[in-house]
Amino acid sequence: MSGNCPVDEPIISVSGLRGIVGQTLTAEVAVRYVTAFADLAAPGPLVIARDGRPSGPMLADAIHAGLHALGRSSVDAGIAATPTTGVLIRHLGAAAGVQITASHNPAQYNGLKLFSAEGRVIPGGLGERVLARYRDATPDQPAADRPGTLERSADPHSAHLEAVLATVDVDRIRRRRFNVVLDSNRGAGSPLGRRLLEELGCGVTLLGGTPDGQFKHTPEPLAENLATVCPAVPQAGADVGFCQDPDADRLAVIEASGRYLGEEYTLAMCVDHVLRVRKGPIVTNCSTSRMAEDVAAKYGVRLFRSAVGEANVVDAMLAHQAVFGGEGNGGPIDPAVGLVRDSFVGMARLLDAMAAREMPIGALAGELPRYAIVKTKIPMPPEEVDAGLDALAGHFADAQPDRLDGLRLDWPDRWLLVRPSNTEPIVRAVAEAATEAHARALCDDASAILRRRSP
């Protein structure tokens, strides 16, 4: 995120923005931002898709009109998941794309996520250029001699569906006739989610299947937000429960008993399944559980860490020719499908693992080493952060330090990551250890050291 945004701006990162609709995010802001992006894109149409939020159609209409006025054509993909948009851009040979979504933020928010022609969230360098152009642009840009045209995608999902199905043994999964609870929470995941699971021969109990953004529970798929979903899994006699966030790039898992396995297990179980049949480098961000690192070590492959952020993970995946990657927030990335976090990849890979090994999802998770992660926020003015991180490195001199993103400190059995926020005067501390008590102690120690630095 950019730490120097004017207070009346939405929250802007190198790959997009989000804000409260009608306040920090208006149709004018959306048009200015997307046309600044379009000015830097190659010739060709832009794909515009959205999650199910009620403000999506208004923002989409404004963006299409703004692009057309400048002579740029666009493709309206309607309601589609964020990873679907990435696949569709490549499938159509589009110049770029925009996903209208605020991801897991509350319903009053919406946002814009920018995609390159490669079907990935734009990298940092391009994002900084877009942001500079957005802030420097004059509100009134000259109209084109010939306005752009609008094309509507009749089926935005098929290319993504086919790409996901090609990565698994469809017949093997169909023979198992799994029963699945899918909680799309009235986000964008239900149209393709139902279709994918039915193609895999699953019986589907769909919760929140109307993609209208009227969320039935707090959108982020964390344990505390899924109190009504967890019991629905055993009530339906399901083999597994899958829970998506509103734009369906994240996936949390519930086992047959109704126990929440969580988001960190999604990536680790997928990595294990992939590496059983194809060896190669793995990439995760530096705040992801070491479960994936342990799995990579089991198969004798390298695991590379990136800075936090999907664009950073993808950059590292491309640099190291990774066979799989992702983020521990339930965001697996399969380069065979696309360079976007993808809940549909997660569902298909996990069902394939269950079918291949004839094991329930809980048993697959039980094979992984068990860790506890604790996350905290620590007040700290931005000008004190560098000195604070130096103090932490000095205090924890027995750890292996890494300054890739803030400060990560590694020991053989635990780690601590402290990163400054770009939107608040805080640092975020994440610790993982064998027990919650040990992880919390790391965060508490870091907090005590940093608070001594603050006025």
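Select helix α7 (residues 190-199) and helix α12 (residues 343-357), whose axes come within 10 Å and cross at roughly 20°. Axes here are lines fitted to C-alpha atoms, for helices over the stretch in contact, and angles run from 0 to 180 degrees between N-to-C directions. The two helices therefore count as roughly parallel, a term for angles under 35 degrees. Their crossing is right-handed, meaning that the near helix is turned clockwise from the far one by less than a right angle. Now show the side chains of Leu 192, Gly 193, Leu 196 and Leu 197 on α7, and of Phe 344, Met 347 and Leu 351 on α12, which make the contact (heavy atoms within 4.5 Å). By class, six of these residues are nonpolar, one is polar and none is charged; Gly counts as polar, Leu, Met and Phe as nonpolar.

This is a predicted model: local features need pLDDT of at least 70, side-chain atom pairs count only at pLDDT 80 or more, and totals for chains, interfaces and linings use all residues. Residues are numbered from 1 along each chain as its sequence is written, and side-chain values use heavy atoms, with hydrogens and water left out. Helices (H or I, at least four residues) and strands (E, at least two) are DSSP runs, numbered from the N terminus.

Follow α12 to the loop between it and α13 (361-366), and select Glu 358 there. Its phi is near 50°, a positive value in a residue other than glycine. Most residues other than glycine have a negative phi. Glu 358 counts as exposed because its relative accessibility is 64%; exposed means over 50% relative accessible area, buried under 20% and partly exposed in between (1.4 Å probe, protein chains only).

Ala 248 is the next selection, in the loop between β10 (240-244) and β11 (251-255). Ala 248 too is not a glycine, and has a positive phi of about 60°. Is Ala 248 buried or exposed? At 0% relative accessibility, Ala 248 is buried.

Go to Leu 318 in helix α11 (residues 310-320). At 46% relative accessibility, Leu 318 is partly exposed. Beyond its neighbours within four places in sequence, Leu 318 is in contact with Arg 120 and Leu 339.

Finish at Asp 76 in strand β4 (residues 74-79). Asp 76 is buried, at 16% relative accessibility. Not counting residues up to four places away in sequence, Asp 76 touches Ile 48, His 64, Leu 150, Glu 151, Arg 152 and Ser 153.

Conventions. Parallel < 35°, antiparallel > 145°, perpendicular 65-115°, else oblique.
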